[in-house]
Amino acid sequence: MNTDDKKLVAYYHLPGLFEFYELYKMFLPLFREHRDWFYDWCDIASIYGAPQDCVWGGGRACFGDADAHNVLSLMTEYGVSSRLTFSNSLLKQEHLSDKKCNSLCALFEKGLAHNGVIVHSDLLAEYLKTNYPNLYLVSSTTKVLTDFNDFQAELNRQEFQYIVPDFRLNKSFEKLETLSQAQKDKVEFLCNECCDFSCKARKECYENVSRKNLGEEVREHICVSKDSQGGYRFSMAMKNPAFIRIQDITATYMPMGFSNFKIEGRGLGSAVVLEFLLYYLTKPEHQLEVRESIYLDSMLDLF
């Protein structure tokens with residue numbers, strides 16, 4: 001797809017490849033069969049996630065239990081790229097031989113759709129380039145790239161097709177506008193982060209998750225944000241200075257030449273993720289119809 005086309009479309013990267021398989025099994029047919037219910041300026045580019053008990057996993061503790069072959073089949077049917085979230089920041093050489101993670105890479109590399117892996121570890125990135133060259137690589141937001149110069153250096157790394165900056169760079173418009181179109185095409189903004197904008201412990205929080213996925217006994221990371229006790233609330237995320245509204249996407253980011261937007265939420269419940277799908281993709285006059293179509297499926301646990 002050429003650059004001019006990309007400027008006209010916002011490509012969403014959605015959470016819960018394995019975690020919310022049942023939700024997407026309902027939602028993707030709706031998105032195809034009732035395309036007029038959804039904004040014509042957006043599309044679903046990828047869905048990301050990881051099964052439970054993945055050593056390479058990071059970002060969030062994995063709980064997805066959907067069968068990998070079923071997941072791949074669904075994504076292939078609807079032409080959506082699958083992204084394995086393997087953003088563990090603390091991997092060592094001995095972890096690269098993990099059978100489960102290698103099997104997943106081998107499976108998804110053979111998929112008909114162009115599939116990828118979200119990575120933090122340079123060690124893992126090099127391993128994937130050598131052993132699974134048909135999987136594209138995404139530089140994870142868990143790197144916490146808050147310095148624009150560091151972010152720009154990451155954009156210049158040829159091994160990555162997409163770079164997800166820290167959400168606190170979302171509104172650095174003067175600097176973002178200086179990027180080349182090739183760089184802009186690689187930027188994937190995290191839209192709906194609820195983390196405190198002034199948080200100083202984001203990297204430590206991610207490392208705590210990495211240690212858990214490695215099977216280490218670690219204390220739970222205690223968030224010191226004043227709003228942390230209430231858990232994730234979309235209404236609170238909307239008040240975050242870095243929050244990206246749909247109006248921001250259409251009126252600011254797309255005209256500037258940006259086209260990729262990541263929605264977080266694979267550690268949340270499917271009811272909350274549905275609200276993201278309604279807000280970011282669904283026309284207001286059709287949101288009730290989408291809700292009803294999802295809610296009336298008695299096979300789906302929304303909480």
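Predicted model: local features only at pLDDT ≥ 70, side-chain atom pairs only at ≥ 80, totals over all residues.
Residues are numbered from 1 along each chain as its sequence is written, and side-chain values use heavy atoms, without hydrogens and water.

Q: Which elements do the buried residues of helix 12 pack against?
A: Contact means heavy atoms within 4.5 Å. The buried residues, including Phe 276 and Leu 277, pack against strand 1, helix 2, strand 2, helix 10, helix 11 and helix 13. Helices (H or I, at least four residues) and strands (E, at least two) are DSSP runs, numbered from the N terminus.

Q: How are two packed helices described?
A: The description uses the angle between their axes and the distance between the axes. Here the axes of helix 12 (residues 270–281) and helix 13 (residues 287–295) come within 10 Å and cross at roughly 150 degrees. Axes are lines fitted to C-alpha atoms, for helices over the stretch in contact, and angles run from 0 to 180 degrees between N-to-C directions. Helix 12 and helix 13 are therefore roughly antiparallel (over 145 degrees).

Q: Which residues of helix 12 and helix 13 meet?
A: Leu 274, Glu 275, Leu 278 and Tyr 279 in helix 12 meet Gln 287, Val 290, Arg 291, Ile 294 and Tyr 295 in helix 13. The residues of this contact comprise 6 nonpolar, 1 polar and 2 charged.

How values were computed: Parallel < 35°, antiparallel > 145°, perpendicular 65-115°, else oblique. Nonpolar A, V, L, I, M, F, W, Y, C, P; charged D, E, K, R; others polar. Buried < 20%, exposed > 50% of the residue type's maximum accessible area, 1.4 Å probe, protein only.
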